[in-house]
Amino acid sequence: MQEEIFGPILPFITVNNEQEAVQFINARPKPLALYVFTSNKSLAQRIIDSTSSGSTCVNDVIFQIAPPSLPFGGVGESGLGNYHGKYSFETFSHSRSVVYNPTWTDPILSQRNPPYTASKLSNLDKLSKVHRKWFSIPRPGFWFWAFALLATGVATRVIMRGVQDDRWDL
């Protein structure tokens, strides 16, 4: 029981109570799968909430691997990431964010970079005061936004009817 078992062997560990089971699980590296057998749903939930594993199956074995719509994978030493369907794609893909900053903003944005001169600090102070003033302005309430949403919807419908009826030469 020192390494993961890949074979037709299913070991059973006998424990005296829930706390002993949770202590046994938490004293070792996180398992790839946790199988809980009980007819008490609240006991199963307490064990699930008190432990960490790649996946969990209650009152069955291996069944959590079968559905391709469920992610399967480990946590910690038992693995990294999830597999199956879209989860495999997301695990083995890297979403990279790319931000393009136009060069015409360089004179403006250079104010945020050191060295901080008296002029730069003065400009930053002015910007922060404008920011504070903007937040002190009373904001429109619920009825304003409700009316604005209704007016936008009506205007959109009128425009779309006009486009659909070919009344406008677009």
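pLDDT is the predictor's confidence in each residue, on a scale from 0 to 100.

**Figure 1. Overview of the predicted model and of its confidence.** This is a predicted model, and its pLDDT averages 77 over the protein, with 79% of the residues scoring at least 70. The protein holds six helices and two strands, and from the N terminus on these elements follow one another in the order α-β-α-β-α-α-α-α. Confidence is highest in H1, where the mean is 94, and lowest in helix H5 (residues 118–136), where the mean is 69. Over residues 165–170 the pLDDT stays under 50, and for this stretch the model has four contacts beyond four places in sequence. Of the 170 residues in the protein, 12% are buried, while the accessible surface comes to about 14200 Å², with 62% of that area belonging to carbon and sulfur atoms. Among the contacts with a separation of 6 or more, 24% are accounted for by residues 24 or more positions apart.

**Figure 2. Close-up of helix H1 and its buried face.** Helix H1 spans residues 18–26, and Ala21, Val22 and Ile25 are buried in H1. Seen down the axis of H1, these buried residues fall within an arc of 95°, and they therefore line one face of the helix. An α-helix has 3.6 residues a turn, so residues three or four places apart point the same way. The cover over the buried residues of H1 includes S1 and H2. At the start of H1, a side-chain oxygen of Asn17 comes to within 3.2 Å of the backbone nitrogen of Gln19.

Figure 3. Six residues form the largest nonpolar core of the model, namely Val22, Ile25, Leu34, Val36, Ala44 and Ile47. Helix H1, strand S1 and helix H2 each supply at least two residues of this core. In soluble globular proteins, nonpolar side chains tend to be buried together.

Figure 4. Ser55 is found in strand S2 and is buried, at a relative accessibility of 10%. Apart from its neighbours within four places in sequence, Ser55 is in contact with Leu32, Ala33, Leu34, Gln64, Phe72 and Gly73. Asn59 is found in the loop between S2 and helix H3 (85–91), and Asn59 is partly exposed, with a relative accessible area of 43%. The phi angle of Asn59 is near 60°, which is a positive value in a residue other than glycine.

Figure 5. Pro31 is placed in the loop between H1 and S1, where Pro31 is partly exposed, with a relative accessible area of 21%. Leaving aside its neighbours within four places in sequence, Pro31 is in contact with Ser52, Ser53, Gly54 and Ser78. Pro31 and Gly76 are 45 residues apart in sequence, and their C-alpha atoms are 8.5 Å apart in space. Ser39 is placed in the loop between strand S1 (33–36) and helix H2 (41–50), and Ser39 is exposed, with a relative accessible area of 79%. From C-alpha to C-alpha, Ser39 and Val58 are 9.2 Å apart in space, with a separation of 19 residues in sequence.

Technical notes:
Residues are numbered from 1 along each chain as its sequence is written. This is a predicted model: local features need pLDDT of at least 70, side-chain atom pairs count only at pLDDT 80 or more; totals for chains, interfaces and linings use all residues. Side-chain values use heavy atoms; hydrogens and water are left out. Helices (H or I, at least four residues) and strands (E, at least two) are DSSP runs, numbered from the N terminus. Buried means under 20% relative accessible area, exposed over 50%, partly exposed in between (1.4 Å probe, protein chains only). A nonpolar core is a set of buried Ala, Val, Leu, Ile, Met, Phe, Trp, Tyr and Cys residues joined through side-chain atoms within 4.5 Å. The arc is that of the directions from the helix axis to the C-beta atoms. Contact means heavy atoms within 4.5 Å. A polar contact is a pair of N or O atoms within 3.5 Å; within protein, one must be able to donate a hydrogen and the other to accept it, and residues adjacent in sequence count only if both atoms are side-chain atoms. Accessible areas come from the Shrake-Rupley method with a 1.4 Å probe; for residues, only the protein chains shown count as cover.
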